[in-house]
Amino acid sequence: MSMHMRLLSLVATSLLLTAMQPAQADNRLQQQRSLYQKAKAELDTGRSETWLANRSFLQSYPLASYLAYEELTQRLKDASNAEVEHFLQEHSDLPQLRWMKLRWLRLLAERGDWALFFKHYRPELNFSELDCLEGQGLLALGKPAEAHARAEKLWLSSQSQPNACDPLFAQWKEAGLRTPEQVWARLFLAVQARNAGLAKYLGGEYSKPDSARLLSEVAAKPEKLQQTALFVHDSMENRDIVSLGLRRLIRNNTDLTLQLLNHYKTRLSFSDEQKRMLARDIGTLLAKRFDARGLGVMQEFDPQHSDPLVGEWHARLLLRLGRWSEAQKLISALPAETASSLRWQYWNARSTQFADPNSRQPLEQYQKIAGERDFYAYMAADHSQLPYQLNHRAAPVDSKTLEQVRQAPVIQRALELHAIGDELAAQREWNHASQLFTHEQLLAQARLAYEMNWFNPAIRNLGQARYWDDLDIRFPMAYRDGLVREARAQGLHSSWVYAITRQESAFMPTIRSHAGAMGLMQLMPATAKETAQRYNIPLASPQAALNPDTNIKLGTAYLNQVMQQFRGNRILASAAYNAGPGRVRQWLRDADHLPYDVWIETIPFDETRQYVQNVLTYSVIYGQKLETPAPLVEWHERELTPNN
């Protein structure tokens, strides 16, 4: 055979071997997956034959550690300490490892092996039972002072503690260190948290059973405060009972609350903390109802605005009432940390503009913040006629760090769980990885997720790294064809539909909320069904709303319906999409005179206010990305009136 032919033969053989290697690897992976599923099913029934027989073959499989974990957990009581310690060290990145530590440390405590217990116990494991066992261990090691300090900390909880705390609490009590004030403090926490069972137990432990009973009665029926003769003594108990009762009564009876507040404030010496809570729970609730009486409550009970929420709602209520000079003065006096935010820099300028239309100061203040990428910065840019700034800067990720993250066992497990269809476990692993990574690795994790079209985790990883400027990752052009097509079909701004979807799900198609909302545009099942019928959109079952194309069709159709109810006003329609049209109409009562930005700022629901601001801001960003730029707020949207 000639040299030329031999070379051709070697090249052909090499190409054949190269082609076979991926096929062989894929075949091995499929075998491992099959064995994994079989072994997992067996371990779920307490059997381990398949895992033990194939442990060597599965060693390279990313999820082999899951099987090893289950097998060791089942025989943890009989395993040697050395074996457990070796497993904990070798698999320290497993998200479920803390549960093995809980079981093992519990066993060590039962055996009295406190040296090994304290070697591995960490408060960060976040198990109250282990914290209680730590206290028992301190007692066993002759450290009563430390044990009693642990008991006192564990005692002050609104929830029942594990049984492991009982011996610790009993010894603490026998030592004469549990005071009546500590019993009352915990009783108050339990009643405040509506933990009736614990409150009943603690009531029996308290030295003044009448006060304990009265606390529970007033918490359940705060109108009982009208029986003022019951609370004539300026005692610790009465101050707690009355302050809690007033804070509950305000939700159902404003006039009676204010009447009783005026009565008790001169008879009971409320603490500074109680006054702050009265200002927060009564004053801010009145402010959210646009009731001017909230101004007096907040001013009297928290004049220094030590609670930032009180200061902010004090300012918002003044804005809502059109008391511009007072608002500007109050905003200027807010604590520096609050006043320096873009929100309150904007409102300092805006309230000055309302109070003195001829002043040049607001323009200078607007220009100062207009270069940021933010809702208030964009409003400031509108006032100063400056262009919006996106300030995009790609996250700095080098190829070496990206590959390190890609090959990390925790990421390999997440990828394999995704590949076999276990999305919940895949998300758990991915989220757990972010707790282990450095800042640079978090950025790489975000980049990796983005490249795999895992947009929601990518956005979350950037947030965890506190890197806000990579707009490619934070605002991906996901599902572009469907979103743009259906937006146009419904006569909607594509940028607004994109913004709604980004805010609702961050482009995770399978996501479900606790309330039951589903898919990309987070549709409630009843809304999806009604919209499908109204617009003749096929919907075979409630589950079908999770299909991205179907979800987008239904979501844009419902957005169109809401837009028609609010005269094509994205401000109102966005608020209605989040909180419901009925609530938006309620917030619009007597608001015809309000500037649009004041109305947004005084939306009573914190979630809805932030939602509207995010959607409008995201619309600007997506408008630029779609090359269809639009203002933050259109001129016609500044008129806040719904259709009748």
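Which handedness does the crossing of α16 and α17 have? α16 passes α17 in a left-handed crossing, meaning that the near helix is turned anticlockwise from the far one by less than a right angle (clockwise would be right-handed). This is a predicted model, in which local features need pLDDT of at least 70, side-chain atom pairs count only at pLDDT 80 or more, and totals for chains, interfaces and linings use all residues. Residues are numbered from 1 along each chain as its sequence is written, and side-chain values use heavy atoms, leaving out hydrogens and water. Helices are DSSP runs of H or I with at least four residues, numbered from the N terminus.

**Helices α16 and α17**
- Helix α16 (residues 293-301) packs against helix α17 (residues 308-320) at about 150 degrees, with the axes 10 Å apart; axes are lines fitted to C-alpha atoms over the stretch in contact, and angles run from 0 to 180 degrees between N-to-C directions.
- That angle makes α16 roughly antiparallel to α17 (over 145 degrees; under 35 is roughly parallel, 65 to 115 roughly perpendicular, and the rest oblique).
- G294, L295, M298 and Q299 of α16 meet V310, W313, H314, L317 and L318 of α17, where contact means heavy atoms within 4.5 Å.
- By class, this contact has six nonpolar, three polar and no charged residues (Ala, Val, Leu, Ile, Met, Phe, Trp, Tyr, Cys and Pro are nonpolar; Asp, Glu, Lys and Arg are charged; the others, Gly among them, are polar).

**Helices α3 and α5**
- The axes of α3 (residues 64-74) and α5 (residues 97-111) come within 11 Å and cross at roughly 15 degrees.
- α3 is therefore roughly parallel to α5, and their crossing is left-handed.
- On the α3 side, Y69, L72 and T73 meet L97, W99, M100 and R103 of α5.
- The residues of this contact divide into five nonpolar, one polar and one charged.

**T73 in α3**
- T73 belongs to helix α3 and is buried, with a relative accessible area of 17% (buried is under 20%, exposed over 50%, partly exposed in between, with a 1.4 Å probe and protein chains only).
- Leaving aside residues up to four places away in sequence, T73 touches M100 and R103.
- A polar atom of the T73 side chain lies 2.7 Å from the backbone oxygen of Y69.

**E416 in α24**
- E416 sits in helix α24 (residues 409-419) and is buried, at 6% relative accessible area.
- Not counting residues up to four places away in sequence, E416 touches L29, R33, Y61, P62 and L63.
- The side chains of E416 and Y61 are joined by a polar contact of 2.7 Å, that is, a pair of N or O atoms within 3.5 Å; within protein, one must be able to donate a hydrogen and the other to accept it, and residues adjacent in sequence count only if both atoms are side-chain atoms.

Conventions. Helices (H or I, at least four residues) and strands (E, at least two) are DSSP runs, numbered from the N terminus.
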